[in-house]
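Open the model in your viewer and keep the selection panel at hand. The tour goes stop by stop.

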Amino acid sequence: MITIRKLAAVATLPVVLASCVSGADYAKRDAGFSTVAAKTSTVTAKQTVWVQNQQQAQAASAQVKTLLARKQALDAETAVQIALLNNKGLQAAYADLGDSAADAWQSTLFINPTVSIGTTGIGTPELEAFKTIEGMITTNILALATKNRDVAIADTRFRQAQLTAAVTTLQLAADTRRAFIGAVAAWENVGQLQRAQAAADAASELAEKLGETGAMAKGAQAREHVFVAELAAETAKARLAARLAKEELTRLMGLWGSDLDYQVPNSLPPLPKAVVRRDTIEAEALRNRIDLQVAKLELEATARSYGLTEATRYVTDLEILTGFETEQEIEDDEKKTRTTAQVELEFAIPIFDTGKARMRKAEVAYMRAANQLAEKAVNVRSQARSAYEAYRANYDIARHYRNAVVPLRTKVEEESLLTYNGMITNTFELLTDTRDKINAMLLSVNAKRDFWLAEANLAPAIYGGGATNASAETEVAAASESSSGGGH
């Protein structure tokens, strides 16, 4: 007797259900990127691209070279645009968006049925007449029952990935703008020190000539010379800081090779006549912060996952085996065939694991996401207030240095020079006043830099892509300490 068991592909249920769900939107190569581009262009007024082939890479590179050649010195807007087109880390973030789209696409596809085929009696003469061939196709019907929930979770994660990519884009734009401000301010410091260096060199030469005639003591000459030497060291340090600041900007723009020849302005723009009032900045931030929207989607995805866990609390695997069995029997040279339908159901009995642990874990995950969202909302309010407070305060500080401190220090130096020429004050007093003026000029430049940094931080406080630089207070204190340590 020969017995043959076959299982027909009666997995028609997935085929029917698949027609109700489409993953075409997720299957696009740039799935979700239009949302990212729209959100970021509204905030930055700049174009961003997702480079996925050689033609797009060449087009982006050509656009970058055009922007670099357009002006002799870059401005902040051009630097931000170059970074959005050319930064490879941003392209890596967009690849994460592609991963999320692929995951969402995968969720719309049904799990492939499992096919198993086996046989017995091969090579055994005693069982040659009793050969059996078995084939089974298994379909997880629990996965079919929960597919809509799986798709909803994947779609939420996909929307979350879109917003995360938008936040990354805004972060790069804000970082580039801050790096540009820092680089220009650093070169402005160099310019101030170079002008002071030229005046000090002239005074040193005069002191040397006066010493040759006996009109100036050697101690006074030494003070002039050491002042020049110290100032030269400070200028070299400032020039190094400026080069490093420019390198940071270069990294963010993704430039290398011949593109490194770009120039930045020698000074920051003057202070505006007045600050912009943002009395409703808290409400604007709560309404527009993209990272807050990401946290909301995290809570939504966690809630959907919680519901899925609850639905599969007791039964995590439920498989159905369907088909038919055909038996062929040869007896007295007569072949007999019999076909029988077959349905089997397999599932795990929840004797030991009743799903309570998984339910508790899902519940805790939801509570965590809810509290993180609440904390994010509080932080967004605080960050918005802090950004506006820093904007207003740094404007007042920079204006005070411009209108009061620097003019007074200049007046003190002028009067000291007059009394020195009249032999009323000595060289040491004149050098002290000159050092104080140089220090005031550097602090004024740093205060102006801090204002423009605070102004650049307003948009991230409202839309996302928060500040990564040190606080303005820390920067001012560091600049003051550095200047005083150098004797200026």
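Does Asp291 count as buried or exposed? Asp291 counts as buried, because its relative accessibility is 15% and buried means under 20% relative accessible area (exposed is over 50%, partly exposed in between; 1.4 Å probe, protein chains only).

**Ground rules**

This is a predicted model: local features need pLDDT of at least 70, side-chain atom pairs count only at pLDDT 80 or more, and totals for chains, interfaces and linings use all residues. Residues are numbered from 1 along each chain as its sequence is written, and side-chain values use heavy atoms, with hydrogens and water left out.

**Whole chain**

Show the cartoon. The protein chain has 15 helices and five strands. These are DSSP runs numbered from the N terminus: helices are H or I with at least four residues, strands E with at least two. Of the 488 residues in the protein chain, 40% are buried. Switch to a surface. The protein chain exposes about 26700 Å², and carbon and sulfur atoms supply 56% of that area. Accessible areas come from the Shrake-Rupley method with a 1.4 Å probe; for residues, only the protein chains shown count as cover. Now consider contacts (heavy atoms within 4.5 Å). Among those between residues at least 6 apart in sequence, 81% join residues at least 24 apart.

The term requires a side-chain nitrogen of Lys or Arg within 4 Å of a carboxyl oxygen of Asp or Glu. Lys376 counts as partly exposed, because its relative accessibility is 24%.

**Arg159, with two partners**

Select Arg159 and Glu300. They form a salt bridge, their closest N and O atoms 2.9 Å apart. Here too the pair links distant parts of the chain: Arg159 lies in helix 8, Glu300 in helix 11 (residues 290–311), 141 residues apart. Asp155 and Arg159 both lie in helix 8, four residues apart, about one turn of the helix. Check their accessibility. Asp155 is partly exposed at 22%, Arg159 is partly exposed at 29%, and Glu300 is partly exposed at 25%.

**Gln160**

Step to Gln160, in helix 8 (residues 147–213). Gln160 is buried, because its relative accessible area is 10%. Leaving out residues up to four places away in sequence, Gln160 touches Val294, Leu297 and Glu298.

**The cores**

What does a nonpolar core contain? It is a set of buried Ala, Val, Leu, Ile, Met, Phe, Trp, Tyr and Cys residues joined through side-chain atoms within 4.5 Å. The largest has 70 residues; Ile82, Phe180, Leu249, Met253, Tyr262 and Phe451 touch the most other members. Helix 8 supplies the largest share of this core, 15 residues. Zoom in on Phe180. Its contacts, not counting residues up to four places away in sequence, are Leu74, Asp75, Ala76, Ala79, Leu249, Val264 and Pro265. A second, separate core has 12 residues, including Val190, Ala196, Leu231 and Leu442.

**Last stop**

Select Lys46, Glu77 and Arg177. A network of salt bridges links them. A search of the whole structure finds 17 salt bridges.
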